[in-house]
Amino acid sequence: MQSPIPDYLKIVLDNARSIEDGKPASYIETLAKADTSKMAVALAMVDGTMYSSGDDQVEFSIQSISKAFVYAIAIEDAGLKRVLEKIGVEPSGDAFNQLSLERGSNRPMNPMINAGAITAHSLVVSPNATAEQRTERILNALSRLAGRQLHVDEEVYEAELRDAHRNMGIGHMLKAAGIITCDPREAVKGYIRQCAINVNVRDLAMMAATLCNAGRHPVTGEDIIPQTSVRQVLSIMTTCGMYDAAGDWVSRVGIPAKSGVAGGIIGALPGQVGIAAFSPKLDDRGNSVRGVAICEQLSRDMGLHMMDVSQISRATVRTSVATILPGENQPHHPNCQREVLIFSLRGAVRFAGSERLTRAIARELGPPNPDDPGSGSYRDACAVVLSFREVYSFSGIARRIIHEDIKRLLADKKSVVVIDPSEVLEWDLDSKGKNQPPYVVANEAEARDYIGGIGCQAVSKDDNW
C-alpha cells in the first residue's frame with residue numbers, strides 16, 4: 001500500500017493552481033522574471049519523514065524567510081537580552097520595508113520587518129565581525145537546517161543590491177539611532193546576501209520541522225537551535241511573520257509562519273509538522289497568493305490550527321506480529337501457522353498520529369526498500385489487524401486518512417480486521433456503496449476467531465494481543 005498523503009498534496013496543489021491573482025515581485029529584476037507556473041508543497045514530520053508534491057526541486061531565493069532563522073542565530077550569538085535591547089517584538093501594522101522605528105527606544109518594531117532583520121544580521125557573530133564572517137555563519141547554519149549545502153544566488157544578490165536604496169536608508173537610520181554599531185552599508189549588503197540564499201520547498205519544510213522539533217534536526221538529530229530560542233522565534237513568527245496580514249493569517253491558518261517575496265512560505269506547528277509552499281505570484285502584502293491558499297487548505301483539512309484544542313494528548317502506534325495456531329473446531333483452517341500483522345493506536349489521534357500509522361502500514365506491507373532493511377517483511381501476512389481499543393478520539397483528518405488506508409488495503413486484497421469497541425472510527429457501512437467494508441469487531445478474541453477459526457490461538461511477542 002502507498003501512503004495517501006502525497007495524493008492529497010497533489011489535490012491541494014491542483015486546487016490552488018486555478019488561482020491567477022497576484023504577480024511576482026517586480027522591484028527585483030530576477031524575481032520579476034520568475035516562472036509563475038511553478039508551485040510546490042512539502043510536509044516534514046518531526047521524525048524526518050518528508051512528503052512533497054509539485055515542483056519540489058525548483059530552487060528560489062529564501063528572501064525574508066531567512067529572517068526567522070537569522071533572528072535565532074543572533075539570539076545565540078548575542079544573547080536574548082542584548083537582542084531585545086535592539087529589536088522589539090510587537091507587530092508593526094506597516095509594510096515590511098517601512099522606514100520607521102519604535103517611538104522612544106528607536107528599536108525596530110520586530111525582527112520580521114526589514115529594519116529588524118538588518119539589525120539581527122548585525123548581531124550575528126560579533127559587533128566587530130566582517131560581512132563575510134556573518135554570511136559564512138548564516139549560510140552554514142541554514143545549510144545544517146536544510147540538511148544539505150546551500151548556496152547564494154549571485155544573480156539575485158546583484159539584482160537586489162542594484163536597487164537597495166530603501167534598505168540602505170533603513171541601515172543609515174539604524175546607525176544614526178545607535179541601534180547598529182557596524183558600517184550600515186556592510187550590514188545591508190550582508191542582509192541582502194542572506195536573502196539571496198537558494199532553497200527548495202523540501203529544504204524549507206525540513207527547516208520548519210527543526211523548529212517544530214524544539215531545534216533538533218529531525219534527520220541528523222543535531223541540536224541546532226536552543227529550545228528557548230525556538231520559543232522566541234515561533235512566537236514572533238505567529239504575531240509578525242506575515243507582516244500586516246498577520247492577524248488574518250492567525251485567525252484563518254493558525255500556524256506560526258514566515259513568507260518571502262520569491263514566493264515561499266513556511267509554517268511550523270510545534271511538535272507536529274513543518275510546512276512549506278511555493279508559488280511566485282504575490283499579493284499586495286508580499287505573500288504568495290497560491291501559497292496562502294495552500295496553507296489555508298492544509299490547516300482546514302488537517303485540523304492544524306494551533307488554537308484547536310478540541311483534543312488533548314498524543315497518539316502512539318505499536319506494531320506487532322502473531323502466528324495463528326489451530327483450534328479444535330477448525331484444525332485445518334487455511335490461516336493456521338500464518339502470520340497476522342497488528343497495528344495498535346493509543347490516545348487522541350490527530351494528523352501526526354494517523355500519519356505514523358500510515359507510514360507503519362506502508363513500510364510493513366509495501367515493497368521492500370533496500371535502504372530500509374526489514375521493510376516489506378509482512379507483505380504475505382494473512383490478515384491486517386487495526387486495533388483502536390485504546391483510542392480516545394480521532395480528528396476529522398485522522399479519520400479520513402485511516403479510512404483511506406483501509407480502502408487501499410482492501411483494494412490490495414488484504415484481509416482487514418478492525419478492533420473498535422467504542423466505534424471511534426465511525427465506519428459508515430451504508431454509505432460505502434460498492435466498496436468492501438472491513439470486518440469490525442469489539443475485541444481481540446473475536447478478531448482471532450474471524451482470522452483463524454473458532455477457538456484458534458495466537459502466539460505473539462506482544463502479550464497484549
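Which residues does Thr135 touch, not counting residues up to four places away in sequence? In this predicted model, Thr135 touches Gly190 and Arg193. Thr135 is found in helix 6. With a relative accessible area of 15%, Thr135 is buried, because the cut-off for that class is under 20%.

Helix 6, which spans residues 131–146, is one of the elements that the buried residues of helix 5 pack against. The others are helix 3 (66–78), helix 4 (80–86), helix 8 (165–176) and helix 9 (184–195). Helix 5 itself covers residues 114–122 and is mostly covered, with nine of its nine residues buried. Among them are Asn114, Thr119, His121 and Ser122, along with Ala115, Gly116, Ala117, Ile118 and Ala120.

Helix 3 also packs against helix 11 (residues 227–240), at an angle of about 145° and with the two axes 10 Å apart. The crossing of helix 3 and helix 11 is right-handed. On the helix 3 side the contact is made by Ala68, Tyr71, Ala72 and Ile75; on the helix 11 side it is made by Ser229, Gln232, Val233, Ile236 and Met237. The residues of this contact divide into seven nonpolar, two polar and no charged.

The loop between helix 11 and helix 12 (246–252) holds Tyr243. Tyr243 counts as buried because its relative accessibility is 6%. Tyr243 and Arg137 are 106 residues apart in sequence, and their C-alpha atoms are 26 Å apart in space.

The sheets come next. Strands of a sheet pair through backbone hydrogen bonds, either parallel or antiparallel. Three bridges connect strand 5 with strand 6 (residues 264–269) in the antiparallel sense. Here Lys258 stands opposite Ile266 in strand 6.

Another open sheet has six strands in the order 12-11-10-9-8-13, with mixed pairing. Why does one side of strand 12 and of strand 13 lack a neighbour in the sheet? Strand 12 (439–441) and strand 13 (457–460) stand at the edges and have a single partner strand each, so one side of each is left without a neighbour. Neighbouring strands of this sheet are turned against each other by 30° on average, with direction ignored. Strand 11 (residues 416–419) and strand 12 run parallel and are joined by three bridges. Ile419 stands opposite Val441 in strand 12.

Technical notes:
Residues are numbered from 1 along each chain as its sequence is written. This is a predicted model: local features need pLDDT of at least 70, side-chain atom pairs count only at pLDDT 80 or more; totals for chains, interfaces and linings use all residues. Side-chain values use heavy atoms; hydrogens and water are left out. Buried means under 20% relative accessible area, exposed over 50%, partly exposed in between (1.4 Å probe, protein chains only). Helices (H or I, at least four residues) and strands (E, at least two) are DSSP runs, numbered from the N terminus. Contact means heavy atoms within 4.5 Å. Axes are lines fitted to C-alpha atoms, for helices over the stretch in contact, and angles run from 0 to 180 degrees between N-to-C directions. A crossing is left-handed if the near helix is turned anticlockwise from the far one by less than a right angle, and right-handed if clockwise. Ala, Val, Leu, Ile, Met, Phe, Trp, Tyr, Cys and Pro count as nonpolar, Asp, Glu, Lys and Arg as charged, and the others, Gly among them, as polar. Two strands pair if DSSP finds at least two bridges between them.
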